[in-house]
Amino acid sequence: MALLELNDVSVHYGRIQAIHDMTIHVDQGEIVSLIGANGAGKTTTMRAIAGLLGLSHGSIMFDGEDISSTKAHLRVVRGVSLTPEGRGIFPSMTVMENLDMGAFARKDKSGMAEDFERVFDLFPRLKERQKQHGGTMSGGEQQMLAIGRALMGHPKLLLLDEPSMGLAPQFIRQIFRIIKEVNDQGTTVLLVEQNANQALKLANRAYVLETGHITREGSGTELASDDAVRAAYLGA
Ligand code: ATP
């Protein structure tokens, strides 16, 4: 069953059209990757799904309901959490305070306690550094914090915008391993990446986005062995 559906979605910045008639879906339990070059429209797509940008055409269905005009914070309440590109953590707040911010919409104390445990199991480093200010953490640690914060909203759908950007190879491997683990625990994932190699390996299905248009769709393995995709995105 589709958890998320974008139907004929277009997004404009003033007169510039960044997304053209995009139709994609993410099924319950899947990891779906959206790959594309700089400026293809990946971040725009994520911001539109999160409700941070309005649609000029089309609709977004989530969990059986039309959320096209639902405000961003209410999409979080419904189960959509975004880990933005560049992480967007609060630098002057501690790790604990950052994680708390991710749970702003929740009132279920026992569920929150479980999710703190879940986040600390996934990221032991965050458990060790609970009192450290976010801004003094390394790039990889900040990325972990950003994902941890999104998980504190107990999302049905986790939107990850370039989680591997700017990270050292050891952190990149770790982040991808953790995304798989989060998904195994039942969270559906939509992943945007320039690191197409890893993103296709991880994904059940993937889409290729070129200058605002979806140009290809297939299983991760299909796209990873497609000559045009390999030439454009896998450096083959
Ligand atoms: P990158 O990987 O470089 O972040 P991207 O695939 O995420 O790229 P977007 O950031 O979604 O791409 O940008 C898509 C297009 O929309 C680009 O041509 C970009 O210049 C344009 N764009 C993005 N934000 C704005 C804005 N605030 N005003 C005008 N144009 C914008």
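Colleague: Before we start, what are the ground rules?
Modeller: The model is predicted, so local features need pLDDT of at least 70 and side-chain atom pairs count only at pLDDT 80 or more, while totals for chains, interfaces and linings use all residues. Residues are numbered from 1 along each chain as its sequence is written, and side-chain values use heavy atoms, with hydrogens and water left out.

Colleague: What agrees with a compact globule here?
Modeller: The radius of gyration, taken over C-alpha atoms, is set against a rule of 2.2 Å times the number of residues to the power 0.38. For 236 residues a compact globule would come out near 18 Å, and the protein chain has 17 Å, which agrees. Its C-alpha trace spans about 45 × 40 × 35 Å along the principal axes.

Colleague: How many helices and strands does the chain have?
Modeller: Ten helices and ten strands. They're DSSP runs numbered from the N terminus: helices are H or I with at least four residues, strands are E with at least two.

Colleague: What makes helix α1 mostly covered?
Modeller: Buried means under 20% relative accessible area, exposed over 50%, and partly exposed in between, with a 1.4 Å probe and protein chains only. In α1 (residues 42-50), seven of the nine residues are buried, among them Met-46 and Ile-49. Across the whole chain, 48% of the 236 residues count as buried.

Colleague: How do you know that β4 and β5 pair?
Modeller: Two strands pair if DSSP finds at least two bridges between them. β4 (residues 57-62) and β5 have two bridges, in the antiparallel sense, so they pass that test. One example is Phe-62, whose bridge partner in β5 is Glu-65.

Colleague: Why are β2 and β5 edge strands?
Modeller: The open sheet of four strands runs β2-β1-β4-β5, with antiparallel pairing. β2 (16-27) and β5 (65-66) each have a single partner strand, so one side of each is left without a neighbour in the sheet.

Colleague: And which strands does β9 pair with?
Modeller: β3 (residues 31-35) runs parallel to β9, joined by four bridges, with Leu-34 partnered by Tyr-207. β10 (residues 213-219) pairs with β9 in the antiparallel sense over six bridges, including Arg-205 with Ser-219. The β9 and β10 hairpin has two residues between the strands, and Thr-211 takes a positive phi near 35 degrees there. β9 (residues 205-210) is mostly covered too, with five of six residues buried.
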